[in-house]
There are 2 protein chains.
Amino acid sequence: MAQTSNILVMQSGGVTPVMNRSLYGVAREAAAHKALGSVYGAVHGLEGLVAERLVDLGACSKTALARVARTPGGALGSTRRKLKPDDIGAIIDALKRHGIRYCFIIGGNDSAETGHTLAREARFAGYELSVMLVPKTIDNDLVLTDHCPGFGSAARFVALATMGAGRDAEAMGEASPITIIEVMGRDAGWLAASSALAKREERDAPHFIGVPEVPIDETLFLDRMEEAYGRFGFAVAVVAENARGPGGVLGGEEEPWFVDDFGHRYYDGPARHLAAQAARRLKVRVRHEKPGTIQRSLVACISRTDADEAEMVGRAAVRHALDGHSDEMVTIERTSGARYASTTGLAPLEAVAGQVKTLPDSFLNGATGLATDAFLDYLRPLVGSPLPRFGRLL
Amino acid sequence: MAQTSNILVMQSGGVTPVMNRSLYGVAREAAAHKALGSVYGAVHGLEGLVAERLVDLGACSKTALARVARTPGGALGSTRRKLKPDDIGAIIDALKRHGIRYCFIIGGNDSAETGHTLAREARFAGYELSVMLVPKTIDNDLVLTDHCPGFGSAARFVALATMGAGRDAEAMGEASPITIIEVMGRDAGWLAASSALAKREERDAPHFIGVPEVPIDETLFLDRMEEAYGRFGFAVAVVAENARGPGGVLGGEEEPWFVDDFGHRYYDGPARHLAAQAARRLKVRVRHEKPGTIQRSLVACISRTDADEAEMVGRAAVRHALDGHSDEMVTIERTSGARYASTTGLAPLEAVAGQVKTLPDSFLNGATGLATDAFLDYLRPLVGSPLPRFGRLL
């Protein structure tokens, strides 16, 4: 390997509030090692790499980079493009031309596949290249890691939003007593389940949680809503955007809300449908809220633990790559002890790619439609500083 | 008037993140005056008053009350019930039985009407009663006050949400470049316009703001989205839930999404319709987000200025009532000077009831569909500590 090697960093997939903190970690750690030269960023990930649209992060002052580190989103631009066989030649050429021997992808499941393919193809091409995945996803669905950077902050949003919306519905009473909140989570219900952190007393929201792992039984959902409304005068459900019924899409016979000119059909998530059912059953106004990208970008809900770990995994990726590792993802390992602490580990990309870590049975209570204490113990340290305790007069 | 009089406090209308801080202000100020005895709260406002469901706040410790003060929602329960002529007799009786001579309503437009009627009817009945309105509304649409408690915190949410969602759309690029955010605001666009605080550079979100005061020209909206998308690779619009087209409801021919058994028709807000139009024009994925009650209950976005003023107006209402005032609303007046400061004033309820303060022309730029610098100067101090500055690499 050359005396000084340059490095490439990319951001990929859905963005998070702390993804740029990982970018900062990679760049700052690289600057601390004499074996490493320039740090290039690929603009919009693979798209920029294939088109050789690279930016030199060395042109960015330490102060400016620190500001980027505190900015939600993906400062290099993200992408959902898949690596195609035709791309490999152009990519290897681009890497060669820029003297790049280390590639860091800040991403999730899909990026694990991209990284693994890139590492393998570089090997076939005889081009010495280390490829490391810096984990990132608010969905928290990567295997072989205790949790994923981005999740803690989004979970903090979901928990605080549920606390607030719960008190709102409780106060409004008859005027607007029922709220359905739709949260993200493509294949797993980690975020929806995180709303359980809002529940300190039985009366507190949420009163039902819908996750992709368990088909929503509409009768059970309505029973839970009716029961909570009857007992407490209000009810709140939190459902994952991809939660389904036993037969597939909820209200499956309904029309897509929009069909574009390519024929792509856009369906509503489950909240709108469930809200209509609840309004029909309970004969009251039912709200359905969809924070959407706000839940993964609101700077006011960033978990400090999450942000610190996002930098930690970025820095660890650089150190491991310099130690000769490649084709691996940095993992987060929870250390034992009364007080929460974490360290990093490694997992082969081949074992991560295409896998989804769903909520284990021990974290879900099918009977109540809620999360278990074991899950809350797992979750609590990840959301950062303790959530506020609210008061009641009634 | 008796040596010691008791007081009644109620919460009414849509709740806010700092409405309980006003309640705290009333209760703590009352405790400081020997002429005042017990502080009763009416459960769910008028509903509780008519049914004589009152709680004695004296049973609540100072610590517990301070916790309530930091809790979003309305700890006494709110209501949308209107005062009916038939209620008056029961109300006067209840007030007499509890020795109540002072009534404080924490509410908005509708509460001004309630308060004015109550003051007048008590006068007719020969019952000595002071009625004061403690202003409250995230909509910021009360006349004769510089602004309304609750607005600053909700505006802080809207601005931070727009900043975050903007960076999200910018990073996602082709994968998901357009976002429409629907925010609250029944008759006025103050909250939607507050998203303009997110815009530090031309590139920043929002690129279009839709308010109830100006019918949305769909062609203009689509042109603005297309222009921003063409120039910056992403576009974000923020629209008020009640924004309308020149002919009324946007996509007016569309079916309600739900009709309940009473025949009430529930329509979607404008975001879903506008998102469909934008997707059709731009041939890309368009998100539409609806934070709903989260925007008026997220504790992480409470403006300290707003919270402090919410307490200030509650305390002022008690002092003014003791000075002999009645049938008036406490107002917030902005004092002159380089640094923001505010004090309280008074306005007759008769002049407040049924009035709506819409955005003045000087705060809206019809040509750009955005807010003016004059509005931003007005708004900036109300949202509390300065919003973070984000960084960029591209």
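Two residues are in contact when their C-beta atoms, placed from the backbone, lie within 7 Å. The views show a predicted model, in which local features need pLDDT of at least 70, side-chain atom pairs count only at pLDDT 80 or more, and totals for chains, interfaces and linings use all residues. Residues are numbered from 1 along each chain as its sequence is written, while chains are lettered from A and ligands numbered from 1 in the order in which they are written.

**View 1. The interface between chain A and chain B.** Contacts join 61 residues of chain B to 61 residues of chain A. On the side of chain B that touches chain A, at least two residues each come from α3 (62-69), α6 (151-172), α9 (270-282) and β11 (286-289); helices (H or I, at least four residues) and strands (E, at least two) are DSSP runs, numbered from the N terminus. With nine residues, α6(B) provides the largest share of this side.

**View 2. The relation between the two copies.** Chain B is superposed on chain A by a rotation of 180° with 0.0 Å of shift along its axis, at an RMSD of 0.0 Å (least squares on the C-alpha atoms of residues with pLDDT of at least 70 in both copies). The two copies are therefore related as by a two-fold rotation axis. Because 100% of the interface residues of chain B are also interface residues in chain A, the copies meet through the same surface.

**View 3. The two domains of chain A.** Chain A is divided into domain 1 (5-150 + 301-352) and domain 2 (153-300 + 358-383), with bounds from an automatic or database domain assignment. The centres of these domains of chain A, taken over C-alpha atoms, are separated by 32 Å. In chain A, 19 residues of domain 1 are in contact with 20 residues of domain 2.
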